[in-house]
Amino acid sequence: MRAFVSRDMASVGLGADEVAAALIAAGVEVVRTGSRGLFRIEPLVEIETPDGRVGCGPVAADEVAAVIDGTHRNRIGDVAKLPFFASQQRFTFARCGIVDPLSLADYAAHGGWIGLDRARRAPPAEVVAMVRESGLRGRGGAGFSTGIKWQTALDAPGDAKFIVCNADEGDSGTFADRMLMEGDPFCLIEGMAIAGHAVGAARGYVYIRSEYPFAIETMRAAIALAAERIAPFALEVRVGAGAYVCGEETALLDSIEGKRGQVRAKPPLPAIAGLFGKPTVINNVLTLAAVPFILANGAEAYAAIGFGRSRGTMPVQLAGNVRNGGLYEIGFGVTLGELVDDVGGGTESGRPVRAVQVGGPLGAYFPASMFDLPFDYEAFAAAGGLIGHAGVTVFDDGVDMMRMARFAMEFCAAESCGKCTPCRIGSTRGVETLDRIIAGDRPDENVALLRDLCDTMRHGSLCALGGFTPFPVLSALDHFGEDFGAADIAGPVE
Amino acid sequence: MAWRGEIDLGTPPAVSQAMVTLTIDGRRVTVPEGTSLMRAAALIGTSIPKLCATDSLEAFGSCRLCLVEIDGRAGYPASCTTPAAQGMAVRTQTDRLKQLRKGVMELYISDHPLDCLTCAANGDCELQDQAGAVGLRAVRYGDGANHLDQAKDSSNPYFDFDPSKCIVCSRCVRACDEVQGTFALTIEGMGFASKVSPSQSEPFFSSECVSCGACVQACPTATLIEKKVAETGTPDRFEVTTCAYCGVGCTFRAEMRGEELVRMVPWKEGKANRGHSCVKGRFAWGYANHRERILSPMIRASIDDPWREVGWDEAIAHTASEFRRIQAEHGKRAIGGITSSRCTNEETFLVQKLVRAGFGNNNVDTCARVCHSPTGYGLKTAFGTSAGTQDFDSVMAADTIILIGANPTDGHPVFASRLKQRLRQGAKLIVIDPRRIDIVRSPHVEAAHHLPLRPGTNVAVLTAVAHVIVTEGLVDEDFVRDRCDRAEFDDWAAFVADPRHSPEATESLTTVPAESVRAAARLYAKGGNGAIYYGLGVTEHSQGSTTVLAIANLAMATGNLGRAGVGVNPLRGQNNVQGSCDMGSFPHELSGYRHVSDDAARAMFRALWGADIDHEPGLRIPNMLGAAIDGEFKALYIQGEDILQSDPDTRHVAAGLAAMECVVVQDLFLNETANYAHVFLPGSTFLEKNGTFTNAERRIQRVRKVMRPLNGLEDWEITQKLAQAIGYAMAYDHPSQIMDEIAAVTPTFAGVSYDRLDALGSIQWPCNDAAPEGTPVMHLDGFVRGKGKFVRTEYVATEERAGPRFPLLLTTGRILSQYNVGAQTRRTENSRWHDEDRLEIHPHDAEQRGILDGDWVKVASRAGDTTLRALVTDRVAPGVVYTTFHHPATQANVVTTDNSDWATNCPEYKVTAVQVGRSNGPTDWQERYDERSRRSRRIEGVAAE
């Protein structure tokens with residue numbers, strides 16, 4: 001009997017290792033996969049049957065006998081048929097949770113390497129054109145056209161060029177990068193190898209945050225296994241040292257170079273002068289992992305899905321106080337309400353949803369009244385927010401939004417690299433000003449000061465850390481003004 | 001920061017031929033592509049508020065005051081980091097921008113002590129200026145977290161670091177990285193806790209900081225500020241003048257308050273130093289007011305007597321009468337003079353004129369004898385000009401750089417910073433030096449090859465390099481055919497190709513692995529623009545001139561001459577060593593290197609000077625001393641030099657001086673030579689006189705009088721008085737008239753005048769009708785002498801070799817904080833970094849002798865012995881020991897021998913066979929000498945200290 005159990009860090013955190021050990025002790029052959037992405041059913045055990053895999057979850061280690069004999073109380077049947085999965089459009093995460101992440105055979109059997117082989121048969125410019133036509137945009141949050149970025153690097157003269165993968169996934173409530181690296185690392189490797197061919201880079205770096213030991217280990221193992229397959233392109237893992245700001249692409253480059261992780265001024269763009277001063281494509285994990293699909297299935301297949309200028313799919317991560325927390329890959333255009341209420345199933349606590357923060361700690365808080373907002377870069381920007389890395393964090397009506405505003409400033413103060421003044425000093429002043437508001441000290445004056453400070457930070461900061469911290473603060477003020485006590489929270493009309 | 005009023009364009013210039021035109025606040029401006037918006041605006045007089053930007057550093061974009069609006073672009077980009085583009089329409093002053101800038105400034109001031117009125121930078125603070133410029137009127141943040149209680153670090157003797165005033169603009173850190181290249185400073189911590197940290201939060205004094213002052217200059221506030229400014233107040237005027245230390249020739253703004261010097265700030269327009277400096281030039285000028293400075297002339301009948309202070313008239317009359325008496329009794333050639341490479345061209349010219357026209361002989365020599373005389377000889381022979389071929393800027397176009405016998409991070413620190421900049425851009429470095437000098441491996445710089453040769457084998461190594469170039473077909477045939485004498489080349493090529501010159505054959509001699517020599521040769525020959533920089537480690541050998549010729553051969557054979565980025569570049573030791581040679585300081589040469597036997601030249605001088613010039617060369621320094629011991633040479637006028645400490649074989653120098661009847665020393669201090677003097681004429685400092693210095697790149701630069709001479713007279717006036725007193729008429733009112741005379745008699749100086757120097761800032765000779773603005777790079781289309789001359793360079797081992805009695809080889813050098821014999825730097829706070837000379841010895845050699853780090857050791861050679869303390873280090877190879885010679889107590893030259901260069905008599909300081917052993921104190925010689933010094937320095941009526 002063969003069973004599939006996730007080795008994803010979240011699954012392991014929920015007890016997957018113990019369950020796998022119990023299965024092995026019971027004589028079952030266990031294949032460790034990535035996670036399917038719905039944590040409510042983890043640890044999930046899928047038993048191989050002639051009719052396909054039959055899932056049970058969550059499973060405790062002392063319940064494996066029931067799983068084996070088919071009597072487990074949480075028997076799900078075909079996991080893929082669960083509405084949570086059936087309604088997804090898995091382009092990037094198609095293999096995650098199904099294959100053995102470190103099996104080259106599994107990868108090849110599930111459509112791996114088709115994109116790379118196709119890319120290598122085409123001239124670089126053609127590959128870049130395909131990526132451009134797919135409409136793929138940077139999944140790290142900025143949403144910049146990947147094709148244009150690659151074209152810039154392709155056109156930039158340089159005796160060496162680099163591909164850098166930003167796997168410094170630091171936003172609270174996000175885990176898609178980690179899941180992919182742990183569940184389907186060859187997909188990222190293939191995407192980077194395609195990028196290397198497309199722009200003429202012989203070497204790539206995967207910069208992973210130190211808090212992801214499983215991903216680091218899996219990527220290193222996978223790179224060793226795939227080395228021959230992707231040669232002459234070569235890859236290396238570099239591990240961060242715990243600074244959130246190193247997820248900012250230029251600070252990340254400095255960190256790889258062995259310097260203090262500090263944001264660089266742009267221009268020059270990294271595509272022209274990036275790592276070690278050479279033309280560098282720096283993309284997020286999800287961006288690069290979307291590329292094999294595009295090459296394998298064509299730009300049209302990817303671009304066919306989506307909304308407005310946001311094409312293809314987005315692996316949305318549902319987190320916080322939500323019933324169905326997990327990874328949900330879907331074409332752009334799904335509304336915030338569909339994600340939270342229908343897919344997410346509302347709050348875990350059962351209380352009404354009060355606020356949803358989209359895009360990590362620098363994203364705006366939206367009230368339920370804005371749930372018709374379509375998941376789309378432009379629509380979110382117009383609503384005073386951002387999609388970011390597509391982390392969706394749900395809060396019920398117990399949340400104090402004044403404290404969440406303070407938390408945003410506190411987060412910025414803790415993570416500021418200290419280079420630019422609005423972020424370095426502004427975040428600390430923001431915390432202090434919110435403390436005064438919380439204490440009821442001249443709330444009207446202090447809210448006005450806070451708005452001025454947010455204006456300075458929003459438009460004066462060097463990078464998105466200081467520049468986007470005003471999103472959660474101002475959205476809290478604008479949509480949840482009642483939490484700010486007696487203050488006249490009205491902002492200036494811009 | 002620099003004295004206010006100096007225009008700062010915010011970012012460095014862009015180097016591009018392509019031009020773009022844009023409008024800034026409606027005004028059109030055309031700038032090279034790549035120019036920042038901030039600089040473009042500044043060029044048309046629009047100043048955009050800024051704090052982290054300064055035009056000596058790359059744009060950083062951190063302060064966020066310089067935000068602008070650009071039509072068609074979202075947001076508010078920083079003007080310092082945004083390059084100008086064709087057709088761009090930029091607005092620098094809008095209500096929105098004012099609001100943002102005020103918001104940023106409010107944040108700055110919320111963490112800054114508001115003690116402006118009592119702050120050392122009051123009135124000279126960019127933060128203060130910008131707060132005014134953006135119209136900040138209130139800070140609304142109230143009491144919050146701040147850095148106001150951060151402790152001040154006063155450990156550096158010259159500047160204070162007060163982090164409570166720091167705005168974390170990183171200008172100091174960037175200056176340390178980009179300009180100085182030491183990487184001693186960093187920003188420690190993150191976010192609000194970010195702070196400037198020397199090394200790992202060490203006090204400045206004990207950190208890696210080399211006190212070049214670039215951080216102090218870059219600081220926009222009082223965070224890093226000169227102690228002297230804090231004491232004195234801000235300056236109110238300045239004069240641009242030239243540093244009197246090394247041959248780099250940094251120009252400074254001497255910033256004054258009244259007659260008090262407040263600080264020296266490197267002059268941004270200075271073409272030698274490009275706005276940078278070292279610890280000596282910027283800070284070590286306190287000697288000018290040191291209590292030991294002598295301000296009154298003094299005479300004495302015997303060197304055993306105490307000095308007697310007299311007036312100028314008496315001192316001059318006494319000297320003239322002695323000189324006349326001695327010439328009457330012992331002949332015209334019984335007296336002579338020594339010019340100084342520390343003095344101005346005009347002063348030097350005047351001393352040699354006094355000797356040639358007033359004394360009526362050619363007994364004039366200069367301290368260049370003991371440093372770069374082989375350079376003059378070798379380069380004149382090979383190329384036709386006794387000088388380096390390039391300007392300092394040239395290094396920024398070099399791709400492969402050979403550094404041989406020079407330690408620029410200590411000896412020529414400002415040039416070293418440029419060199420390191422170029423190396424960080426990717427140029428390759430080859431170091432040929434017995435010691436692992438700092439630049440072999442320092443932050444972000446590493447030599448491609450270090451050839452640690454045995455001292456004294458320069459010629460063998462360079463001939464082996466030539467062997468590889470010739471035998472591996474790396475010669476630049478086109479260059480040799482077009483530019484050099486073919487027959488001489490063929491002869492030379494056949495010579496070096498002989499297998500006995502191969503790296504393999506010479507390896508046992510030089511101890512340099514053959515493969516390193518081959519790799520270095522290939523790199524130099526084929527690694528793009530190849531430049532050679534060298535110092536006294538080349539010249540101060542018995543084969544010093546041969547080594548210079550070998551260097552010239554390599555440059556010619558590889559075609560590395562006649563354009564930017566290449567060349568043969570002597571790093572001159574002293575501020576005016578080039579100039580003192582140019583001015584006719586050698587006994588055989590008139591100014592402009594014309595031999596005294598040249599009838600036409602002598603005739604011209606006779607016509608102008610009204611005196612016959614002896615057609616026989618005069619005596620060199622060692623010969624003067626020898627003649628004195630033989631009783632034939634009786635009187636010597638020494639201007640600004642301390643031959644007793646600086647010349648080799650101290651006992652021989654002492655004996656020579658002691659044998660004379662009238663030794664006249666003109667100096668700032670009672671130096672070691674003055675112990676043997678009968679007349680002391682107090683000199684003036686470079687701050688107290690007008691004149692010019694000529695640096696290592698032939699650049700003539702003005703020295704400007706910023707205060708009256710404390711001793712009453714500028715040095716040229718003293719020489720003039722002496723000339724008048726012996727009956728030779730001189731009647732200059734100002735050094736500019738001396739320069740006019742130099743220009744009139746010296747073809748390479750024909751176009752030089754003070755007016756031209758003031759107009760152009762500086763001039764590199766030759767300056768004449770053909771090159772009215774001077775000559776940055778020489779031999780562009782052909783060599784001055786016609787065809788380049790290849791000369792065979794047969795290696796001849798020095799007689800000074802290690803043997804059973806003296807098994808180690810001693811070589812000598814300098815350290816950053818001290819300068820030469822230390823007469824000036826020892827009288828400043830610089831001595832806190834280096835208060836004694838130490839003997840570097842390899843652990844193996846130390847172990848064999850039972851020597852521990854810090855032990856007193858005796859160094860003995862066949863010439864003499866001395867004691868100093870040991871520094872056990874693998875920086876030197878086994879068999880080699882090393883010391884500096886900055887402190888008279890060390891008496892390093894007691895040990896050095898009378899060996900010298902075959903062509904020029906330049907002493908072989910760099911190789912002395914010695915034995916080293918443990919010791920328990922000073923040698924008998926040191927004790928006797930110490931006693932003599934004490935006795936000799938007594939002044940009647942002045943209590944000894």
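Residues are classed here as buried at under 20% relative accessible area, as exposed at over 50%, and as partly exposed in between (1.4 Å probe, protein chains only). By this scale Arg274(B), at 40% relative accessibility, counts as partly exposed. The model is predicted, so that local features need pLDDT of at least 70 and side-chain atom pairs count only at pLDDT 80 or more, while totals for chains, interfaces and linings use all residues. Residues are numbered from 1 along each chain as its sequence is written, chains are lettered from A in the order in which they are written, and side-chain values use heavy atoms, with hydrogens and water left out.

Chain A has 22 helices and 16 strands, where helices (H or I, at least four residues) and strands (E, at least two) are DSSP runs numbered from the N terminus. Its radius of gyration, taken over C-alpha atoms, is 23 Å, which agrees with the value near 23 Å for a compact globule of 494 residues; the globule rule is 2.2 Å times the number of residues to the power 0.38. Along the principal axes, the C-alpha atoms of chain A fill a box of roughly 70 × 60 × 40 Å. Of the 494 residues, 62% count as buried. Among contacts (heavy atoms within 4.5 Å) between residues of chain A at least 6 apart in sequence, 71% join residues at least 24 apart. The accessible surface, from the Shrake-Rupley method with a 1.4 Å probe, is about 16,800 Å² for chain A, and 54% of this belongs to carbon and sulfur atoms. The peptide bond from Ala231(A) to Pro232(A) is cis, with omega near 5°; Pro232(A) is found in the loop between helix 11 (213-230) and strand 8 (234-239).

For chain B, the secondary structure comes to 29 helices and 36 strands. A compact globule of 945 residues would have a radius of gyration near 30 Å, and the 29 Å of chain B agrees with this. The C-alpha trace of chain B spans about 90 × 70 × 65 Å along its principal axes, and 66% of the 945 residues count as buried. The accessible surface of chain B is about 31,800 Å², with 50% belonging to carbon and sulfur atoms.

Arg274(B), in the loop between strand 11 (260-266) and helix 7 (279-283), has a positive phi near 45° although it is a residue other than glycine. Tyr593(B), likewise not a glycine, has a positive phi of about 65°. The place of Tyr593(B) is in the loop between strand 23 (589-590) and strand 24 (594-595), and at 11% relative accessibility Tyr593(B) counts as buried. A cis peptide bond with omega of about 0° joins Trp765(B) and Pro766(B), and Pro766(B) is placed in the loop between strand 30 (762-764) and strand 31 (808-813).
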